[in-house]
Amino acid sequence: MTRRRPAGDVRARVARAVEGHRWAAGPTLVSTLASGTAAATTLVIARGIGAAAFGHFTLVLSIALIATVAMLTSLNYVMFQELPRAEPADRPALVTTALFSTLVLGTALFAAGMLAAPLLTAALGVDTRTLAFGLALALSMTVNQLTESFLRGLKRFRLVAALKLAVAVAYLAGSAYCLLVLGIVDAEVYLGALIVTNLVFAVVAVAGFEVAPRSWSPALARSLYRHGAYVTAIATFTAVLFGVDVIFLNHWAGRADVGVYSLYNGFPKRLLGVVFTDGIGLVLLPMLATTAKPALMRRIARLAPSVAGATAVFSFAASLVFFLVMGREYPYSVGLMALSAVGIGAHTVFNLYFVALSMDGVRGAKVFIACLAAGTPAALACQAVCIAWQGLIGGLVAFALSNLILVAVVAAAAGRVYRADGPVAVTPLTEEADR
């Protein structure tokens, strides 16, 4: 029988965990503001250039997000773990090896993608120029995310937050000037500006860490890539699962529908990502890490309907606000937003399971990869059929169904793997979760 501690003791331990992260409150607030500014810029661009051009913008971004997985190979997550626990003398070698390896791999993949353009453009249903923009944006996002991970791994949180905010404000100001003063409605101008801002962040970020070219190590590079293999596998699955819908929609519907779909589905999802990653995640992640996993999975299973419902309501309410500022090309539909809200609610539960499993190291990663391998074929088939049949509406339906399929698979697997079939270690949050 497990020993239970008084509820007051549990609350005190949780309060101390939160107190331990208050030092990051300032940088976190600035980082959240930067993410919010970037999201607002997307809205400004969407309204200014119109649905069809914004559909092109979204299509390029979707290609870039998928390509970034291959270029980055999760080395940013490896740096989050390795830099804080490395000896100061070893950190330049880690940074240099990761940076140089990524630059070589990213450049090689860009070149290979352009050489294979005839095949890739036919498969994706885009022209060579669109593919080139997608790969260029992917390379800029790769160096942006990697250099940010260096700064975070070295605990340069204030510098990260300041750089993110400065870049976000510059991109917003530049986009507003191009739209309101110059009247530019070409999506490629704003894609080019996004590429430039990503590169500017990376170049300025170099001042925050030491690069020692002679410390580059092939052996260390192999070790880093092996370390990130599980996360890369997960990222590959999720990038395809939640990126190919835009490609399907571009093929079977059109650029204008892609733009409208992005606004209904992409913006609320991004807003929730900002709230979770830069907000409650700061406190939630340490709590998930210290909770016994069987108790945690039971807790998530019980809370899943409430989490999905609350997220859906939040998404639906937020849509009423930001649709007021959009033009006629983005007509507000209660039915479409309801479909979107259902999908985003299910997607939040899916992400919650992912974060919980990621806190269990290799075992959790293996479970999640197996779930993705099992659920991906059905989810992709659902997306293809629904979008080919009903276009924009089908895309929103498919997003909801795909997430429900994945949640069902992950919940069943987690319930089986983490069932309480033996003694469970006692932690304060375990005791609270079992109540």
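Which helix holds Met337? Met337 lies in helix α15, which spans residues 334-358. The model is predicted.

**Around Met337**

Met337 has 0% relative accessibility, so it counts as buried, the cut-off being under 20%. Contacts beyond its neighbours within four places in sequence take in Tyr264, Pro268, Ser315, Phe316, Ser319, Phe323 and Tyr332. Ala312 sits 25 residues from Met337 along the chain. The C-alpha atoms of this pair are 9.6 Å apart.

**Buried residues**

| Residue | Relative accessibility | Class |
|---|---|---|
| Met337 | 0% | buried |
| Cys178 | 16% | buried |
| Cys371 | 4% | buried |

Cys178 is classed as buried because its relative accessibility, 16%, is under 20%. Cys371 also counts as buried, at 4%. How many disulfides does the structure hold? The count is zero.

**Helices α12 and α16**

Helix α12 covers residues 244-252, and helix α16 covers residues 361-417. Their axes come within 9 Å. They cross at roughly 35°. The crossing of α12 past α16 is right-handed.

Which residues of α12 meet α16? They are Val244, Asp245, Phe248, Leu249 and Trp252. On the α16 side, the partners are Leu380, Gln383, Ala384, Ile387, Ala388, Gly391 and Leu392. By class, this contact has nine nonpolar residues, two polar and one charged.

Definitions and conventions
Residues numbered from 1 in each chain as written. Predicted model: local features only at pLDDT ≥ 70, side-chain atom pairs only at ≥ 80, totals over all residues. Heavy atoms only, no water. Axes fitted to C-alpha atoms, helices over the stretch in contact; angles between N-to-C directions. Helix = DSSP H or I, 4+ residues; strand = E, 2+ residues; numbered from the N terminus. Left-handed = near helix turned anticlockwise from the far one by under 90°. Contact = heavy atoms within 4.5 Å. Nonpolar A, V, L, I, M, F, W, Y, C, P; charged D, E, K, R; others polar. Buried < 20%, exposed > 50% of the residue type's maximum accessible area, 1.4 Å probe, protein only. Disulfide = S-S within 2.5 Å.
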